[in-house]
Amino acid sequence: MRGRTRAMAAAAGIAAVALVAAACGGGGSETGNDTQTNAAKATGGEITLRGCTPQNPLVAGNTAEVCGGNILDAFVARLVKYDPKTANPQNDIAENIDTSDNQNFTVKIKKGYKFSDGTEIKAKNFVDAWNYTAAGENGQQGSYFFEPVEGYADTQCGAGKDGEADCKGHPAKTDKLTGLKVVDDYTFSIKTTEKVSNLPVRLGYTAFAPQPDAFFADPDSFKTKPIGAGPYQVDSVSDTSIALSKNKNYSGEFGGNVDKITFKIYNDEGAAYNDVVANQLDYTDIIPTDRLVGNGYQNELPDRWLKQPQGVIQAIGFSPNDAQLKNANMRKAISMAINRDEITKQIYNGRSTPADSWVSPVVDGYNKGACGDVCTFDAAKAKQLYTEAGGYKGTLTFAVNQDGGHRAMAEAVCNQLKNNLGVNCVAKIEPDFKTLRDELNNRELNGIFRNGWQMDYPSIENFLAPIYAKGAASNDTRYNNPEFQKLLSQAAAAPSTDEANKLYQEAESHLAQDVPTFPTWTDDALVAWSDRVSNVKVNAFGVLDYASIQVKQ
């Protein structure tokens with residue numbers, strides 16, 4: 001999710017793409033460099049990385065957050081892989097993906113591509129996995145991503161009295177998507193309800209990964225020993241660490257250098273950073289806010305840090321449970337009462353940039369200024385809207401996760417809301433991201449909450465549909481606007497990228513009116529490493545490039 005440019009074009013058609021892996025820039029600078037690219041390919045050794053607690057077991061179709069997603073990236077392979085430098089899609093398990101109408105697709109997979117358990121990947125491993133993830137009765141976080149496939153609606157459970165899915169009282173009609181068909185061992189077809197011009201771009205997302213037969217025989221086994229087809233395999237899973245080693249059956253072209261990767265779970269980003277400084281941890285993707293002041297990390301880690309743009313947007317969401325936040329003027333007031341420029345300078349020391357859109361500037365389709373006045377600091381106007389909305393009675397809580405280093409930001413936001421609106425705002429610090437995600441999924445939070453997003457694939461659509469479409473797993477605000485939905489469908493069916501982007505931008509304009517969330521800032525990737533490793537690079541999504549990092553010999 002880190003793009004070194006400010007535009008990553010999303011492919012509109014479906015053509016086979018070249019199998020070329022381009023690496024991202026090296027370290028110790030604002031934009032990276034390529035001085036390490038031609039270094040001798042060292043192999044072997046073990047590394048330790050900062051990790052955080054995954055919300056769910058490491059199942060591709062049930063992982064919708066970065067703590068689990070970063071680990072899955074190391075041991076899961078998909079039809080398509082994104083180039084680490086440009087985020088352009090390249091074939092991985094797919095031999096080719098063909099269509100003549102952007103509605104009927106034929107997928108041919110490579111023969112001999114194996115899972116880490118030694119079994120060969122067949123077309124049915126994709127079809128079975130996708131059906132399992134889509135089926136409402138299985139409660140998978142990635143279900144929404146199969147919404148374009150024909151028959152998806154029939155796989156979803158009906159709603160109960162509270163409007164939420166009730167699979168017991170209103171079971172789905174089927175657990176199979178009619179739009180998926182196995183043609184032969186190495187070919188399957190996809191039929192979508194409407195035209196979907198960027199489907200091949202989406203197919204590199206984790207939810208579209210295949211699953212081995214062993215998963216369907218015993219899904220619970222994946223709690224301790226998940227199986228994938230990526231360059232690494234999972235050896236052990238515990239509350240404190242997750243250990244991976246090279247997959248001896250890896251069949252792809254994107255293998256790594258190191259023999260073993262261990263994700264050490266940290267709830268305190270400061271502890272992880274200090275361990276990197278002391279060479280007790282090899283990599284962290286978070287620099288504590290107190291080390292950003294005066295660029296202190298640069299003095300403590302000379303030539304051991306990297307900063308570059310990435311496909312990440314930070315936002316603040318409104319709890320759908322909180323009746324006091326139903327008024328759109330109240331939501332606009334809270335957004336306009338926040339001085340984004342002050343926070344990005346004082347808390348993040350320029351690492352972050354005030355956001356003016358719900359979409360990251362690194363993707364094609366970003367519309368500068370889409371947020372309009374809602375994202376413009378205006379204390380007087382904010383106070384006026386707040387008063388007209390009747391004010392907020394009691395304590396407004398702002399929920400964030402401690403393991404992401406958000407305490408200082410949350411306290412700064414609450415201080416601004418107190419000063420500019422007179423509201424009693426208190427930061428609610430959850431110990432880890434899993435806890436925050438569970439509370440959101442279970443509808444246990446009131447007030448406001450941090451709502452950051454790391455792109456799954458390089459498209460404006462990915463910053464809109466998975467977060468704001470009705471029924472989407474990451475739609476934490478339960479936003480539901482029929483006109484917004486209609487525009488998403490029209491954009492997906494558009495014959496060209498330019499036409500699609502215009503429709504997606506029109507859909508985004510509804511967010512500026514309804515304000516289910518409001519964007520706050522975009523983050524650059526800022527990572528650091530020990531002096532034990534070299535060739536450290538991050539990809540266009542902000543994730544460590546596991547294929548590049550090496551242990552110094």
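The side chain of Asp83 reaches the backbone nitrogen of Thr86 at 3.0 Å. Asp83 is found in the loop between strand S2 (80–82) and strand S3 (89–91). Helices (H or I, at least four residues) and strands (E, at least two) are DSSP runs, numbered from the N terminus. Asp83 is buried, with a relative accessible area of 7%; buried means under 20% relative accessible area, exposed over 50%, and partly exposed in between (1.4 Å probe, protein chains only).

This is a predicted model, in which local features need pLDDT of at least 70 and side-chain atom pairs count only at pLDDT 80 or more, while totals for chains, interfaces and linings use all residues. Residues are numbered from 1 along each chain as its sequence is written, and side-chain values use heavy atoms, with hydrogens and water left out.

## Gly204

Gly204 sits in the loop between helix H3 (199–202) and helix H4 (213–217). Gly204 is buried, at a relative accessible area of 6%. Not counting residues up to four places away in sequence, Gly204 touches Arg78, Val80 and Tyr82, where contact means heavy atoms within 4.5 Å. Gly204 and Val80 are 124 residues apart in sequence, and their C-alpha atoms are 4.4 Å apart in space.

## Helix H5

Helix H5 covers residues 269–277, and its buried residues are Glu269, Gly270, Ala272, Tyr273 and Val276. Seen down the axis of H5, these buried residues fall within an arc of 160°, so they line one face of the helix; the arc is that of the directions from the helix axis to the C-beta atoms. An α-helix has 3.6 residues a turn, so residues three or four places apart point the same way. The buried residues of H5 pack against strand S1 (46–51), strand S11 (283–284), helix H6 (289–292), helix H7 (296–300) and strand S20 (525–529).

H5 is followed by Asn279, whose phi is positive, near 60°.

## Disulfides

A search of the whole structure finds four disulfides, each a pair of cysteine sulfur atoms within 2.5 Å. With the bonded cysteines of the protein chain numbered in sequence order, the pairing is 1-2, 3-4, 5-6, 7-8. Cys52 and Cys67 form one of these links, with their sulfur atoms 2.1 Å apart. The link of Cys52 and Cys67 is left-handed, with -110° about the S-S bond. This pair links distant parts of the chain, 15 residues apart: Cys52 is in the loop between S1 and helix H1 (66–75), and Cys67 is in helix H1. Cys52 is buried at 8% relative accessibility, and Cys67 is buried at 4%.

Cys157 is joined to Cys167, S to S 1.9 Å. The torsion about the S-S bond of Cys157 and Cys167 is about 95°, so the disulfide is right-handed. Cys157 and Cys167 each lie in the loop between helix H2 (123–134) and strand S6 (180–184), so the pair ties together parts that are ten residues apart in sequence. Cys157 is buried, with a relative accessible area of 14%, whereas Cys167 counts as partly exposed at 28%. A further disulfide joins Cys371 to Cys375, S to S 2.0 Å; its torsion about the S-S bond is about 75°, so this disulfide is right-handed. Cys371 is buried at a relative accessible area of 2%, and Cys375 is buried at 10%.

## Strands S15 and S16

Strand S15 (residues 395–401) is mostly covered, with five of its seven residues buried. Seven bridges join S15 to strand S16 (residues 424–430), and the two strands run parallel; strands pair if DSSP finds at least two bridges between them. Thr397 stands opposite Val426 in S16.

## Annotated span

UniProt lists residues 89–474 as "domain: Solute-binding protein family", in an unreviewed entry. UniProt positions are given in the numbering used here, feature names are shortened, and annotations may be inferred rather than shown by experiment. The end C-alpha atoms of residues 89–474 lie 23 Å apart, and the span is 24% helix and 20% strand.

Definitions and conventions: Polar contact = N/O pair within 3.5 Å; in protein donor to acceptor, adjacent residues only side chain to side chain.
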